[in-house]
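I opened my notebook beside the structure viewer and jotted down what I looked up, one entry at a time. Have the model open while you read along.

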Amino acid sequence: MTEERPGSALLWERDEEVAAIERAVDSLCTGRAPTGRFLVLRGEAGLGKTALLGEAHRIAELRGCTVWSARAGETLRSVPYNVVRQLLQPALLALLPEEAREYLGDWFDIAGPALGIAEPGSRNPDPGSVCDGLVRVARRLARREYPLVLLVDDAHWADLETLRWLAELCARLEDTSVLVLVTSRPGEISGERAEYLQRVVDAAGAVTSLRTLTPEATAGLTRDTVGRHADDPFCREVWAVTGGNPYETVELLAKVRDAEMEPVESSAHELRDLNRAARGGGLVSRLDKLGIEATRFAWAAAILGAGITVDLVAELATLRPAVAARCAGILCEARILTVPDPLGRQPAGGELEFTHPLIESAVYNSIPDSLRTAMHGIAARVVTDSGRGAAAASRHLLQVHPDDDEEVVEQLREAAREHLAVGAPAAARACLERALREPPSPEIHPRVLYELGCATLLTAPAVTIGHLRDALALPGLDVADRIDAVVRLSQALLHNDQVGEAIRTVRAEAARHEHGPARLRLKACQFLWEGIHSAEADSPDRSRHLAELASACTGRDGAERALLIVHGFDVMMRGGDADEVVAICDRALVNGRLAPGVGWTDSGWGFELPLMIAAIYAYTDRLDRAEALFAEAVREYETAGWSGGHVSLSYGYLGLALRRRGRLREAETTLRESLRLADRVGRRLPLHWTAFCNLVDTLIARGRPEEAMEIAERYEFGAPYPSTILLPDARSIRGRLLLAVGRTEEGIEELEAAGRTAAERGHRNHLVAPWAADLARALAGRDPARAAELAATVRAGAERSGTSTAIGEALRCEAALAPGHRAVELAGRAAKMLEDSPCQYEHAAARVEYGELADSVAELRRGLDLAEACGADSLARQARAALRRLGAAD
């Protein structure tokens with residue numbers, strides 16, 4: 001890099017790119033941009049991305065913007081939140097701790113530990129929630145620091161957590177006035193990091209692919225650097241030697257100037273040797289000429305990568321402080337190291353940084369392999385001794401060769417705990433996987449596997465399964481930990497859509513134990529998974545056995561409460577008396593609330609039990625209780641910093657409660673958020689089905705079947721269905737959708753299949769699986785006898801259940817099939833019955849249907865008011881059309 005105006009030398013032939021940056025900054029400053037913008041500069045190494053970022057920094061500052069910048073590092077990819085910390089941490093550290101807490105509000109405890117401004121809490125946060133918190137922090141800071149420009153250099157080397165944050169931030173810029181400018185190289189990374197980076201690129205307002213310099217631009221740069229007298233053959237050779245790479249061109253011309261070479265044709269043959277000296281091995285030779293002590297200093301700085309201070313480098317390179325200070329000066333004069341810019345991209349307190357990422361990579365790669373590995377081992381000790389913690393040292397330990405060192409195993413386990421505490425399970429997983437290669441002692445080995453499984457429970461269920469199985473195959477876990485590992489393994493199998501295997505796992509473990517608390521917990525877990533297994537055939541014996549066990553339960557511990565809840569669910573699904581079901585479930589509560597040990601965030605049982613009891617209340621007309629429980633789940637998960645599968649499901653079931661109550665607009669919003677969160681975890685998992693199945697049902701109720709079909713097709717709504725029971729029954733809802741879009745034959749076929757499946761499972765609750773009523777309406781004109789039979793089945797089931805909603809829905813079905821005055825009578829009774837139901841959409845539909853049959857303006861207007869309050873647009877249109885027909889338009 002040249003000593004004079006280094007940035008401008010690298011900006012030759014970059015007028016278009018600079019102009020685009022100026023337009024984006026001007027748009028931000030003048031408020032013409034209603035939303036934030038993401039710009040991506042992409043190109044191979046040396047094409048001037050860093051120089052353009054520096055120019056963006058200059059332009060933004062001249063226009064009065066707040067500018068924060070960060071640089072990712074090749075050796076720092078395993079450090080979670082490294083780049084986002086560089087960007088956001090300095091502004092938050094400028095606040096007093098109490099100011100930061102007040103400013104960030106509820107997000108302080110979630111995002112604060114990841115940013116290094118708060119101590120972690122007692123529970124490990126979900127990475128999705130931490131990411132959401134960091135997005136909220138950035139949005140708040142953007143409002144406070146407007147106009148704000150964020151610059152990220154070398155995003156291809158950014159850590160996974162930062163790339164995830166960038167991807168989420170760029171997807172939520174609709175009301176955030178911030179300009180984000182990112183540079184990256186194409187094809188540098190793979191896997192999950194590549195997916196997030198691609199999301200950033202795809203969402204960017206503009207992606208600029210940088211080109212090499214033309215021969216004409218290279219000639220202009222050559223003459224501007226070494227003199228106007230540089231002749232054409234010399235300039236052409238500069239372009240041929242460097243391939244038009246701006247960085248290599250600038251470095252080569254600096255060498256030409258330093259060597260006082262005449263820029264004429266007779267000297268051109270020397271350019272290739274000079275170019276080799278300016279890059280790669282040439283840089284190493286240049287470093288060697290500065291002396292062994294300066295070389296050791298440069299190597300140590302490259303090993304540290306960030307937070308480079310003379311004191312730390314001196315300790316790592318075993319140099320005396322005075323010698324280290326002199327070496328720092330020599331390397332700065334040689335344009336290898338430099339003092340950080342005033343913004344301070346290194347929150348760890350670095351005094352120095354490499355002048356360019358290419359130089360840093362070249363120095364790091366020049367260290368002999370064995371020496372580099374040894375230096376990382378020393379660096380781990382130096383970093384630990386400096387008080388930066390096990391997590392900071394772990395990136396060095398990851399590079400050390402396994403050596404059967406128990407201390408390294410413990411350091412990596414501690415680092416994993418620290419990573420989990422800030423919401424970085426991927427980093428924790430890397431530490432624990434490395435600990436396994438050390439390897440740990442036989443006594444510790446199963447514990448490491450167990451911790452590894454716990455680190456990936458709902459973020460990577462398939463990975464969890466393997467680790468927990470390995471842990472259980474080894475001796476060493478005590479009884480309590482073994483039971484916990486089996487339960488966690490079964491949960492992971494469940495969420496990986498392997499419910500049958502989950503059941504077999506707990507059943508086999510239960511057989512290993514004598515009667516007592518451990519066996520009772522496992523049997524309760526077995527009944528729990530059997531209760532939600534969609535492939536489980538009807539088993540009266542199982543229900544009787546469950547009822548016998550539950551009859552002796554008083555709800556004194558988690559196992560007894562689990563058995564009561566599972567028994568209540570079984571009775572509800574079989575269409576039993578709703579009051580009996582509620583009485584069973586109430587015995588599992590303590591003063592009407594979830595008992596300790598079976599709460600939403602309790603790890604002993606997981607969230608399936610509270611989810612089950614809330615669902616029971618949703619289908620027994622206790623919707624106030626169900627909604628309160630689901631809302632409590634959302635609050636607890638967000639407060640605890642969980643937002644992956646847990647919050648997706650809680651939003652999904654809260655949406656179900658809102659749909660059941662008839663608050664369709666809120667239900668749609670909640671279910672879309674559930675689906676967004678589910679998309680982070682995987683595809684076609686049970687939590688996905690919960691979200692999109694309920695969203696489809698809600699959109700049908702709102703009168704938007706075509707939009708519902710679009711969602712269904714996007715998420716492949718259809719066979720094969722998941723191995724867990726869904727509420728409401730997925731096949732019934734798909735049949736309803738097919739009828740709604742006019743695909744009647746397919747709809748009838750799907751509803752018939754739903755009926756057969758329900759019969760096989762012994763499920764006779766027609767609110768949970770509403771196949772029969774919809775099928776009866778569809779068959780009314782072509783097979784009235786079969787339709788009447790189905791309506792009678794629905795009516796019998798409703799009377800067994802005894803809820804106002806079930807009976808009212810059965811009466812609506814009968815009214816749709818009945819002739820003349822009988823239809824009017826049944827419709828009136830349905831409307832009256834549903835008046836006492838908490839399900840306001842069904843009440844609105846009954847009122848409109850009754851009003852149409854009875855030609856009642858009053859009933860139609862009442863139905864219209866209810867439909868508008870629910871957000872049932874098509875039902876409201878139906879009521880208005882009927883009112884116009886009666887000459888009483890609203």
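Is Phe 717 buried or exposed? I looked it up in this model, which is a predicted one. Phe 717 is buried, with a relative accessible area of 5%.

**Entry: aromatic rings**

I counted aromatic pairs next, and the count came to 6. I began with Trp 689 and Phe 717, whose ring centres are 5.8 Å apart. Their planes stand at 80°, and an angle over 60 degrees counts as edge-to-face, so I logged the pair as edge-to-face.

Where do the two partners sit in the chain? I found Trp 689 in helix α35, residues 686-702, and Phe 717 in the loop between α36 (705-714) and α37 (730-740). They are 28 residues apart in sequence, so this pair ties together separate parts of the chain. Trp 689 is buried too, with a relative accessible area of 1%.

Phe 717 has another ring partner in Phe 692. I noted this pair as edge-to-face as well, with 5.4 Å from centre to centre and 65° between the planes. Phe 692 belongs to helix α35, so to speak across from the loop that holds Phe 717, and the pair links parts of the chain 25 residues apart. Both Phe 692 and Phe 717 are buried.

Which residues make up the aromatic cluster here? I wrote down Trp 689, Phe 692, Tyr 715, Phe 717 and Tyr 721, which form one cluster.

**Entry: charges over rings**

I then checked for charged side chains over rings. Arg 625 has its charged end over the ring of Tyr 617, at 5.0 Å from the ring centre. I also noted Arg 372, which lies over the face of Tyr 364, 5.3 Å from the centre of that ring.

**Entry: helix α19**

Arg 372 turned up again when I listed the buried residues of α19. The list also has Thr 373, Met 375, His 376, Ala 379, Ala 380, Val 382 and Val 383. What do these buried residues pack against? I found α15 (292-304), α16 (310-317), α18 (357-366) and α20 (389-397).

I checked the length of the helix as well. Helix α19 covers residues 369-385, 17 residues in total, and spans 25 Å from its first C-alpha to its last. That is close to the 24 Å expected at 1.5 Å a residue. Just after α19, I noticed that Gly 387 takes a positive phi of about 90°.

**Entry: Ile 465**

I moved to helix α24, residues 461-473, where Ile 465 is found. Ile 465 counts as buried, at 6% relative accessibility. Which residues does Ile 465 touch, leaving aside its neighbours within four places in sequence? I listed contacts with Leu 489, Ala 492, Leu 493, Asn 496 and Gln 498.

**Entry: cysteines**

How many disulfides does the structure hold? I found 0. Cys 693 is buried, with a relative accessible area of 2%, and Cys 813 is buried at 0% relative accessibility.

Key:
Residues are numbered from 1 along each chain as its sequence is written. This is a predicted model: local features need pLDDT of at least 70, side-chain atom pairs count only at pLDDT 80 or more; totals for chains, interfaces and linings use all residues. Side-chain values use heavy atoms; hydrogens and water are left out. A disulfide is a pair of cysteine sulfur atoms within 2.5 Å. Buried means under 20% relative accessible area, exposed over 50%, partly exposed in between (1.4 Å probe, protein chains only). Rings of Phe, Tyr and Trp (its six-membered ring) pair if their centres lie within 6.5 Å; planes under 30 degrees apart count as stacked, over 60 as edge-to-face and the rest as tilted. Helices (H or I, at least four residues) and strands (E, at least two) are DSSP runs, numbered from the N terminus. A charge sits over a ring if NZ of Lys or CZ of Arg is within 6 Å of the ring centre and within 35 degrees of the ring normal. Contact means heavy atoms within 4.5 Å. The expected span of a helix is 1.5 Å times one less than its number of residues.
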